[in-house]
Amino acid sequence: MKGKNNVGKRNKWRKSMVLALALAGGLLFNTVQPTQVHAEETSQQMIDKKAKIDTEVKKLQEELKSLEKEIEEKVKVFNKVQADIKEVDANIVDTKKRIEQRSAILSDRMAAYQAQDNTVGIYLNAVLESKSFADLMDRVVAVKTLMDADQELVDQQEADKASLEKQKTTLDEKQKELQKQFQELQEKESEMEVKKAENEAKSLALKAQIATKQEEERLEAERKAAEEEAARLRALQAATPVVQATNNNANTNDNGNSNDNNNGKANNEKSSQKVVVGSGAGTASSGDAISVAKQFLGRSYVWGGSNPSTGFDCSGLVQWSYKQAGVNLPRTASQQYLATQRISASEARVGDLVFFSYGSGIAHVGIYLGNNTMIDAQNKGVVIESLDWWNQYLVGFGRI
C-alpha cells in the first residue's frame, strides 16, 4: 500500500510540474509576444519613415534639376545669340570689304572722267577717233557698256551701304540681347547657389531623422554649416549697387517718401555717375594673377567655364588666375564676395576684386587694375574695360 501511495504521489507531482511548466510557458509567451509585435511595428514605421524622407530628399533634388534645366535653356539662348553676333560681324566685314574695293574702282573712274572733263567728252573722242561707221558704233557701244558698268557699281555700292547700316543695327540689337541674357544667366547662378545651400540643409535635416546617433551628430553639424552658408548667400540677394543706393538716398525727402519729380532724372544719370576709386599698388600675388588673366584676353565668355580648356565665366577667370598665383578662392562670385575683406572704393588697389549686382545677388566679379579699369570675363569675352558703365551695378570691392 505504501509503494502504491508513493507512486501516486510521484505521478501527482509530475502532473503538477507539467501544469506548472505549461503555465510558465504561457506566461512567458504572454510577456514576450507583445514585445515582438511592438518591434515589428517599430521596424515597419522606420521603413515607412525612411521611404517618406527619401521622397522628400528626391523632391529637393528635383527642384535643383528644374532650376538647372532653366539655366541650360538660357545658356542655349546665350550661345545662339553669340553665334548670331559672330555671323553678323562676319557679314559686316565682308560688306565693308566690298565697299572699299568698289570705292577704289569708282575713284579711278572718276579720275579718268575728270581727265576728260566730262562724260560727253568721252563720247566725242570716240566719234572723232573712229575710222568708219562700224568702228564708231563699236566705240559707242564700248563706252556705253563701260558707263553702264560704272552705274551698276554705284548702285551696288549704295545697296551695300544701306545693307551695312541694317547690319550695324542688327548687331547693336543682338549685343543688347546678349547683355540681357548674360545678366539673367548670372542672376540665375546666384539664385541656384542659394537654392543649393538651402536644399542641402533641408536634406541633411531629413536624413538625420533616420540616422544612428553617431551619424546624427555629423549630419547635424553639416546641416548647421549649410544653413549658415544659405543665410549668408540669401543676405546677398539684397545687395544694393552703390549708385542705386545713392540715388535712393538722394530721392527721399524728410518724411522718407520718394520724390517722383527727381526719379526719372536720377535713373537716367545712374550710369554716368562716377564712383571715386583708388589705385593703390597691388601685391606680388595679385600681379601674378593679373598677368595670368591677361593671357586670355579676347577669349569668348563661357558660362560655367573655370579653366583654359573650357573657357571662362567671370568668377572662373578670377578663381583660375589667382590659383596660378598660389591663392585659393571659392568658385562663384557670391562665394568670392563672402571670402574677401570689404573695403571702400577709395581704398581699392590693384588686384582687389570688384563686385556687381543687377538687383538680385552678387552676379559679376572682375579684377581691379587701377585707373578705374578692370579685367573680367563678360558677354563680349575676356576684356579690359572701364568701370564707368559698370558703376550702375557696382556693389563694392573685396581684398584677398
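Predicted model: local features only at pLDDT ≥ 70, side-chain atom pairs only at ≥ 80, totals over all residues.
Residues are numbered from 1 along each chain as its sequence is written, and side-chain values use heavy atoms, with hydrogens and water left out.

Let's start with the sheet. Six strands make an open sheet, ordered β3-β8-β4-β5-β6-β7, with antiparallel pairing. Strands here are DSSP runs of E with at least two residues, helices are runs of H or I with at least four, and both are numbered from the N terminus; two strands pair if DSSP finds at least two bridges between them. The edges belong to β3 (341–343) and β7 (381–386), and each has a single partner strand, so one side of each lacks a neighbour in the sheet. On average, neighbouring strands are turned by 35° against each other, direction ignored.

Now follow β4. Four bridges connect β4 (residues 353–356) with the antiparallel β5 (residues 364–370), and Leu353 has Ile367 as its bridge partner in β5. β4 also pairs with β8 (residues 394–399), again antiparallel and over four bridges; there, Val354 has Phe397 as its bridge partner. Leu353 and Phe355 point one way from β4, while Val354 and Phe356 point the other way, and all are buried. Buried means under 20% relative accessible area, exposed means over 50%, and partly exposed lies in between (1.4 Å probe, protein chains only).

Helix α7 (residues 284–294) lies across β5, β6 (373–378) and β7, at about 115° to β5. Helix α8 (residues 314–324) packs on the sheet and touches β4, β5, β6 and β7, its direction making about 50° with that of β5. Contact means heavy atoms within 4.5 Å, and axes are lines fitted to C-alpha atoms, for helices over the stretch in contact, with angles from 0 to 180 degrees between N-to-C directions.

Next come the aromatic rings. Rings of Phe, Tyr and Trp (its six-membered ring) pair if their centres lie within 6.5 Å; planes under 30 degrees apart count as stacked, over 60 as edge-to-face and the rest as tilted. By this rule there are ten aromatic pairs. Tyr337 and Phe355 have ring centres 5.1 Å apart and planes at 85°, so this pair is edge-to-face. Tyr337 belongs to helix α9 (residues 333–339) and Phe355 to β4, so the pair ties together parts that are 18 residues apart in sequence. Phe355 is buried at 0% relative accessibility, and Tyr337 is buried at 13%. Arg342 lies over the face of Tyr337, 3.7 Å from the ring centre; the rule asks for NZ of Lys or CZ of Arg within 6 Å of the ring centre and within 35 degrees of the ring normal.

Phe356, where we began, forms a tilted pair with Trp390, at 4.9 Å centre to centre and 50° between the planes. Trp390 sits in the loop between β7 and β8 and Phe356 in β4, so the pair ties together parts that are 34 residues apart in sequence. Phe356, Tyr358, Trp389, Trp390 and Tyr393 form one aromatic cluster.
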